[in-house]
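Me: I would like a close look at a single part of this model. Please keep it brisk.

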Amino acid sequence: MWASAAVDGNTVHVAYQDALADTLLYTSWASTPAAPVVVDDGVRAGDRTHPVGAGAAMFVRNGVPGVAYQDGLSADVVVATQSGATWTPAALPAGAGVNVDGFHIAAASSGGSAWLARDQIVV
């Protein structure tokens with residue numbers, strides 16, 4: 001679910017949610033498809049596993065793939081970037097007292113810049 005793609009030169013980068021495991025996966029396609037890898041498994045220290053990956057928005061900045069997506073339990077936008085074979089996620093908190101019922105994320109990139117936008121439904 002929530003598949004998103006970004007093209008960088010001859011490479012197509014794809015991020016998507018595994019809806020059964022509520023994890024975020026990534027793959028790429030240059031001349032052949034790469035094996036999917038887990039970007040975020042939802043495991044959070046000291047907490048139960050979070051459903052992650054909804055609203056995935058793929059982008060490429062300076063040749064480095066990244067993806068913004070929802071943490072469905074904390075209602076945070078998470079941005080993960082790739083460095084070699086490792087993905088590093090960082091949450092962008094929704095803010096204290098924000099009651100989010102859902103939101104959408106969009107990403108765009110050009111050259112060395114990337115932009116994220118989101119909307120939210122507050123109930």
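Which side chain does the side chain of H13 join in a polar contact, and at what distance?

Reply: The side chain of Y26, at 2.6 Å. A polar contact is a pair of N or O atoms within 3.5 Å; within protein, one must be able to donate a hydrogen and the other to accept it, and residues adjacent in sequence count only if both atoms are side-chain atoms.

Some ground rules. This is a predicted model, where local features need pLDDT of at least 70, side-chain atom pairs count only at pLDDT 80 or more, and totals for chains, interfaces and linings use all residues. Residues are numbered from 1 along each chain as its sequence is written, and side-chain values use heavy atoms, with hydrogens and water left out.

Now the setting. H13 sits in strand 2; strands (E, at least two residues) are DSSP runs, numbered from the N terminus. H13 is buried, at 7% relative accessibility. Buried means under 20% relative accessible area, exposed over 50%, partly exposed in between (1.4 Å probe, protein chains only).

Beyond neighbours within four places in sequence, H13 contacts S4, A5, A6, D8, Y26, T27, S28, M58, V60 and P65. Contact means heavy atoms within 4.5 Å.

Strand 2 covers residues 11-18 and pairs with strand 1 in the antiparallel sense, over five bridges. Pairing requires at least two bridges found by DSSP between the strands. In one of these bridges, V12 of strand 2 partners V7. The open sheet has four strands in the order 1-2-3-4, with antiparallel pairing. Strand 1 (4-8) and strand 4 (37-40) each have a single partner strand, so one side of each lacks a neighbour in the sheet.
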